[in-house]
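Here is a short briefing to read alongside the model. Please take a look at the sequence and structure first, and then we can walk through some of the details together.

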2 protein chains.
Amino acid sequence: MKTRINFTARPKGRAPEARSGSDKSEYTDDTEAGARRRRRILIVEDEPAMVAGLRDNFEYEGYDVITAEDGVAGLERALADDPDLVVLDVMMPRMSGLDVCKQLKVKRPSVPIIMLTARGQEIDKVVGLELGADDYLTKPFSVRELMARVRAVLRRVSAPARAPEVYRFNDVEVNIRGNEVRRAGARVELSAKEFALLVYFISHPAETLSRDRLLDEVWGYENYPNTRTVDTHIVHLRQKLEPNPEEPRFILTVHGSGYKFVG
Amino acid sequence: MKTRINFTARPKGRAPEARSGSDKSEYTDDTEAGARRRRRILIVEDEPAMVAGLRDNFEYEGYDVITAEDGVAGLERALADDPDLVVLDVMMPRMSGLDVCKQLKVKRPSVPIIMLTARGQEIDKVVGLELGADDYLTKPFSVRELMARVRAVLRRVSAPARAPEVYRFNDVEVNIRGNEVRRAGARVELSAKEFALLVYFISHPAETLSRDRLLDEVWGYENYPNTRTVDTHIVHLRQKLEPNPEEPRFILTVHGSGYKFVG
DNA sequence: GGTGAGTTCACAATTCCTTGACATTATTTT
DNA sequence: AAAATAATGTCAAGGAATTGTGAACTCACC
């Protein structure tokens, strides 16, 4: 599973985890109107080496790439060139990525945005809440991971109209973009971590997730708490969302392995 | 940002603040065929203090560690000793980590590499990834974060055998990713070991497996129980999955040799 | 300083792994 | 073929490991 450039030649068999989705979707796109043109990615980033590296990777993966070197230019290109997705650095000259994101979400609410944040920046605020970015990575990140997230985001947004903003199970409604959870119609207050954990569960249904994996994926690499911290948050989620927290029906324990969400 | 965690010696009792996760993963690791031998990490780094610190930490977390002090030696060891993952410093005598990475990715495309770069080597970051490294950190980094990234990379590369989601035999369905077994549609509760054992059987069909081998592959090297323990687990599997446990049709005894699964 | 989220800790509750004894079956020896 | 020996089947109990849970603690932010 190589990331890229050292594919001098195009590998014959599909790489196991390589984007099987986009190949296939060329002909048989789901529910959508068949045809699938190339996706256009806008990269807004001031560091030339990073731009070059990302451009190579995206083009190798079959995307069209346009770029901008600062926030103002980025916003302009985003509005003018109608990209399918924007990769947006936070730290940039002239206009911060946060502001670009905010404004872009007003003027082009449907365009998905992936933010690149430096380590230590408040990522909680970047996603969801005020800004509305669709995903983010903290630098330094692996290009492979960025590619994976781009694919995932594109799949989400292009996947059918009925890609529901709101996930439901039992009497619970989870509005992911709105950071809101309701139960039997009434608001349930979840903390940021609880919400992030819940979302991760929802997006990996019926899959057993180890505590380590949850820590990596939900908590991130920087701060790596005790695995028991996961348990504590599980308890909170159960208390808030399970009909009977002592006998969970949705957030299940897989003894010796981790937890599993079944919706 | 500490460079080293005070995991110094290996306490027998679990260190309170250590991630209990790694202990646990000895039996049921995700999606993989139950088996979980120790991972071998190659550290290629010229600074002895750094090597010592990393070795301590990796060994504490249950990895086997081999080392090399410069690029040439690192490449040789990587080719000779077949490590599961390589931690590669960029700045080194004789051969730069970048060159090692490049060559290694040609000769052993599948071995994951995590690069260590000095701060300020901004370009090298991207270059490192262009060369096919799977992840990287900038010095000084926290050992915790390195550990987390190592785990994440190993999980990514070892998991994606996403091919067969569900194995079936008779009226039994085994969903590996979800740690779930169904029989005639109804859930069957298996313990972690039972599940790991079953998965191992499934992935070695029609092959006679000795108790010793099962202990090695499913139980792991660390704790090595009585061979009769295997029998006990076999009994449980038969009771839960065989149409007639007294006359097994799928989990067969090979008298004097071990057991065999025929699906 | 107060507040709340996140984390850690301690202890209880639970699960299940392991062991050993004995029963049963298979294989070898007489 | 019967007896002797070895291997496997089975089960219950003890102990180890894992998880549930409430409370204390830390830290950033008002």
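Let's begin with a pair of residues in chain A: Leu42(A) has Ile66(A) as its bridge partner in strand E2(A). Do keep in mind that this is a predicted model.

- Strand E1(A), residues 40-44, and strand E2(A), residues 64-68, run parallel and are joined by 5 bridges.
- To get from E1(A) to E2(A), the chain passes through helix H2(A), residues 48-60, in a β-α-β crossover that is right-handed.
- E1(A) also pairs with strand E3(A), residues 85-89, again in the parallel sense, with 4 bridges.
- In that pairing, Val44(A) has Leu88(A) of E3(A) as its bridge partner.
- How many of the 5 residues of E1(A) are buried? The count is 4, so the strand is mostly covered, where buried means under 20% relative accessible area.

- Glu61(A) sits in the loop between H2 and E2 of chain A.
- Is Glu61(A) buried or exposed? Its relative accessible area is 15%, and because buried means under 20%, Glu61(A) counts as buried.
- The side chain of Glu61(A) has a polar contact, at 3.3 Å, with the side chain of Arg151(A).

- Strand E4(B), residues 113-118, is mostly covered, with 5 of its 6 residues buried.
- On one side of the pairing list is strand E3(B), residues 85-89, which pairs with E4(B) in the parallel sense over 4 bridges.
- Within this pairing, Val87(B) stands opposite Ile114(B) of E4(B).
- Ile114(B) has Asp135(B) as its bridge partner in E5(B).

**The largest nonpolar core**

- In soluble globular proteins, nonpolar side chains tend to be buried together.
- Here, the largest nonpolar core holds 30 residues. Those with the most contacts inside it are Val174(A), Val181(A), Leu197(A), Leu198(A), Phe201(A), Leu214(A) and Leu241(A).
- Which elements give two or more residues to this core? From chain A they are strand E7 (172-175), helix H7 (192-202), helix H8 (211-219), helix H9 and strand E12 (258-261), and from chain B helix H6 (143-158).
- H7(A) contributes the most to this core, with 7 residues.

**The surface near DNA strand D**

- DNA strand D is surrounded by 30 residues, and the closest are Thr253(A), Tyr259(A), Arg238(B), Thr253(B) and Tyr259(B).
- By type, the residues of this surface are 7 nonpolar, 11 polar and 12 charged.
- Helix H9 (228-241) and strand E11 (251-254) of chain A, along with helix H9 (228-241) and strand E11 (251-254) of chain B, each supply at least two residues of this surface.
- The element that gives the most to the surface is H9(B), with 6 residues.
- Sugar or phosphate makes up 66% of the atoms of DNA strand D within 4 Å of the protein, and the rest belong to bases.
- Phosphate oxygens of DNA strand D lie 2.6 Å from a polar side-chain atom of Arg238(B), 2.9 Å from one of Gln239(B) and 3.2 Å from an N or O atom in the side chain of Arg211(B).

- Of the atoms of DNA strand C that come within 4 Å of the protein, 87% belong to sugar and phosphate.
- The residues of this surface divide into 6 nonpolar, 12 polar and 2 charged.
- H7 and H9 of chain A, and H7 (192-202) and H9 of chain B, each supply at least two residues here.
- A phosphate oxygen of DNA strand C is 2.4 Å from a polar side-chain atom of Ser191(B), and a phosphate oxygen is 2.9 Å from a polar side-chain atom of Thr229(A).
- What does the side chain of Thr232(A) approach on DNA strand C? An N or O atom of this side chain is 3.2 Å from a base oxygen.

Notes: Residues are numbered from 1 along each chain as its sequence is written. Chains are lettered from A and ligands numbered from 1 in the order in which they are written. This is a predicted model: local features need pLDDT of at least 70, side-chain atom pairs count only at pLDDT 80 or more; totals for chains, interfaces and linings use all residues. Side-chain values use heavy atoms; hydrogens and water are left out. A residue is near a molecule or strand if one of its heavy atoms lies within 4 Å of it. A polar contact is a pair of N or O atoms within 3.5 Å; within protein, one must be able to donate a hydrogen and the other to accept it, and residues adjacent in sequence count only if both atoms are side-chain atoms. Ala, Val, Leu, Ile, Met, Phe, Trp, Tyr, Cys and Pro count as nonpolar, Asp, Glu, Lys and Arg as charged, and the others, Gly among them, as polar. Buried means under 20% relative accessible area, exposed over 50%, partly exposed in between (1.4 Å probe, protein chains only). Two strands pair if DSSP finds at least two bridges between them. A crossover is right-handed if, with the strands pointing away from the viewer, the path from the first strand over the helix to the second runs clockwise. A nonpolar core is a set of buried Ala, Val, Leu, Ile, Met, Phe, Trp, Tyr and Cys residues joined through side-chain atoms within 4.5 Å.
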